Amino acid sequence: MVNRRRVLRLAAVTATAGVAGKSQGLRVRSVKERIVGLYRLARVVRRTADGQETVTNANPTGRISYDSAGRVWVLLAPTGRPAPQDARNITLEEYKAMNAGLMAYFGSYEVDEANQKLVIHIEAAANPALSGTTIERVYKLTDTTLTMTVPGNPATDNVFERMAD
């Protein structure tokens, strides 16, 4: 049998601690505050409309960084890209091969918490067509991961793991 006094005492202590926590100004940090940091690309997953998932890059290479001033930079480079024979004299074929799948840009970002979207204003990019554009990505943020979804069919989930400071 549970001791009623003990349960009531525990409930009173818990309630008092909750009130004390609120009076000390404790608050939940915003996504814009929580997203700040450096992340490494852990995996890339494609999802079709019928829910099938395929890991498309089991060993990806990439980084993304968000700072508290609202700036972002990204570098994603597929593993296994061939190096040119001569770094000072690159052929057109070598240039195409070494840049296939490369994604690099920097700019600023905003967080739309209500719609769980990151709004990224690209200042400059490896692909000049992206410079000066704005892209939106649905996000999911945990203490250890950031997943950014590129819309489409298939949709692409870029899953990043937070790196140590």
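1. How much space lies in the largest pocket? In this predicted model, the largest pocket holds about 490 Å³ of space, where a pocket is an open set of points on a 1 Å grid over the protein atoms alone, at which a 1.4 Å probe fits, with protein on both sides within 12 Å along at least five of seven lines, and the volume is the space filled by probe spheres set on those points, joined across faces, edges and corners.

2. The lining of this pocket (residues with an atom within 4 Å of a point) has 22 residues, and Leu76, Met103, Val150, Thr156 and Asn158 lie nearest the centre.

3. Ile64, placed in strand β3, is buried, with a relative accessible area of 1%, since buried means under 20% by a 1.4 Å probe on protein chains only. Leaving out residues up to four places away in sequence, Ile64 touches, with heavy atoms within 4.5 Å, several residues including Val72, Trp73, Met148 and Phe160.

4. On the basis of the model, residues are numbered from 1 along each chain as its sequence is written. Local features need pLDDT of at least 70, side-chain atom pairs count only at pLDDT 80 or more, and totals for chains, interfaces and linings use all residues, while side-chain values use heavy atoms, without hydrogens and water.

Note on methods: Helix = DSSP H or I, 4+ residues; strand = E, 2+ residues; numbered from the N terminus. Buried < 20%, exposed > 50% of the residue type's maximum accessible area, 1.4 Å probe, protein only.
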